[in-house]
Amino acid sequence: MVESSALIERFGPEIVESTFRDNRRLTVPTGKIFEVLSGLKQDFGFDMLIDITAVDCLDLDDAEHRFSVIYLLRSMSTCERLVVKTFVDLPRPQLPSVYPLWRGADWMEREVFDMFGITFLGHPDLRRILMPDEFTAFPLRKDYPLQGRGERHNFPVITRAES
Amino acid sequence: MAVGLPENVFLTQLDAAANWARSNSLWPMPFATACCGIELMATAASRHDMARFGAEVMRFSPRQCDLLVVAGRVVMKMLPVLQRIWLQMPEPKWCISMGACACTGGVFDTYAVVQGIDRFIPVDMYVPGCPPRPEQLLTAIMDLQQKIRESGSLMGREFKAQTMPNGPPPFDPDELRRLKGLPILPDRGLANSGHQFGGELPIGQYTELPAAGGPAHG
């Protein structure tokens with residue numbers, strides 16, 4: 001069990017720890033996210049990246065930022081789990097890529113980029129992973145309409161006479 | 001004349017015989033993307049047995065098929081694949097849209113799901129249901145067989161000629177001569193003589209309807 005005091009001593013007092021239903025959560029300033037994650041991996045044994053995901057906090061009452069990006073970590077030796085959370089804002093939602101720490105972050109960051117438009121600086125191949133390449137919007141943003149903006153109708157029609 | 005025919009010999013038209021053979025040997029191309037595909041498999045399996053209708057030869061190459069069964073929702077990233085498969089199938093060919101999702105998009109009215117494949121490829125039979133029972137698919141196959149026997153099997157070129165706004169182009173007895181660049185004999189072609197089958201419009205200058213696009217909303 002990693003002590004909270006050790007984390008704060010290592011990463012500074014900006015790190016806020018909270019607990020919700022046995023989940024330990026660290027809220028980290030955007031500028032320190034790579035330092036915190038690499039420190040957690042190298043010094044605290046959180047050597048597995050489970051997932052990277054994001055939340056669009058538009059219209060949330062108590063939200064100060066537009067997006068929160070969430071890293072789920074796991075320690076393979078102690079089976080401990082940790083949720084690390086940071087925030088980015090429009091118009092330039094950018095984060096450093098954690099691909100140098102975990103190779104598995106490759107597709108996870110591509111998915112977050114595809115759905116939310118958050119760019120990860122230093123990612124080797126940041127392109128869309130789920131949506132078609134010619135898709136221009138970021139569909140999981142909350143200001144994107146559920147039924148799209150006509151992208152799904154933008155195909156040539158094959159009639160029986162042409163086929 | 002029929003009195004003189006021996007047993008098991010029938011007189012018919014060549015078109016009718018070809019349609020009879022085609023309708024009883026449909027080779028489906030399964031395009032199963034969702035739970036409708038499970039029902040499609042159940043229809044092909046022994047209990048419902050699509051082989052009773054001659055449609056059991058599922059081929060996974062569109063080059064060998066003449067019946068596209070779209071079973072399940074189609075997302076916009078999949079639609080170019082579906083269109084390509086349809087274009088790869090040899091003529092004559094038919095399409096069954098199986099299930100609510102393939103017909104209308106179903107409950108998946110989201111940015112990624114195509115709201116009915118008939119917006120983008122031609123469809124002959126619609127099978128409602130979520131998913132449809134195998135009996136419903138069998139009914140669609142039987143209806144399609146009926147349609148093939150009654151309306152014939154048209155190539156796209158023939159279909160285009162029949163559905164042009166001015167009707168099919170008039171019969172041109174000099175077509176071969178035109179194609180080969182041979183001189184056209186005067187007073188011979190119906191199209192040149194002001195006959196009732198032609199003469200109003202010169203051959204090969206018909207205008208086509210603009211391609212129908214999908215609705216702009218959504």
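I began with the cysteines and looked up B:C35: its sulfur lies 5.1 Å from the closest cysteine sulfur, that of B:C36, which is too far for a bond. The cut-off for a disulfide is 2.5 Å. I note that this is a predicted model. B:C35 is partly exposed, at 44% relative accessibility. I also checked A:C57, which is buried at 9%.

Next I went to the aromatic rings. The count over all chains is 7 aromatic pairs. A:F67 belongs to strand β4 and A:F116 to helix α3 of chain A, and the pair links distant parts of the chain, 49 residues apart. Both positions came out buried, A:F67 with a relative accessible area of 0% and A:F116 with 6%.

I then turned to A:Y144 and B:Y111. Their ring centres are 5.7 Å apart with planes at 85 degrees, so this pair is edge-to-face. A:Y144 sits in the segment after β7 of chain A, and B:Y111 in the loop between α4 and β4 of chain B, so the pair joins two chains. A:Y144 is buried at 6% relative accessible area, and B:Y111 is buried at 14%. I noted that A:F135 forms one aromatic cluster with A:Y144 and B:Y111.

Last, I looked for charges over rings in chain B. I found the charged end of B:R73 over the ring of B:F108, 4.6 Å from its centre. The charged end of B:K93 lies over the ring of B:W86, at 4.7 Å from the ring centre.

Technical notes. Residues numbered from 1 in each chain as written. Chains lettered and ligands numbered in written order. Predicted model: local features only at pLDDT ≥ 70, side-chain atom pairs only at ≥ 80, totals over all residues. Heavy atoms only, no water. Buried < 20%, exposed > 50% of the residue type's maximum accessible area, 1.4 Å probe, protein only. Phe/Tyr/Trp six-rings, centres within 6.5 Å; stacked < 30°, edge-to-face > 60°. Helix = DSSP H or I, 4+ residues; strand = E, 2+ residues; numbered from the N terminus. Lys NZ or Arg CZ within 6 Å of the ring centre and 35° of its normal.
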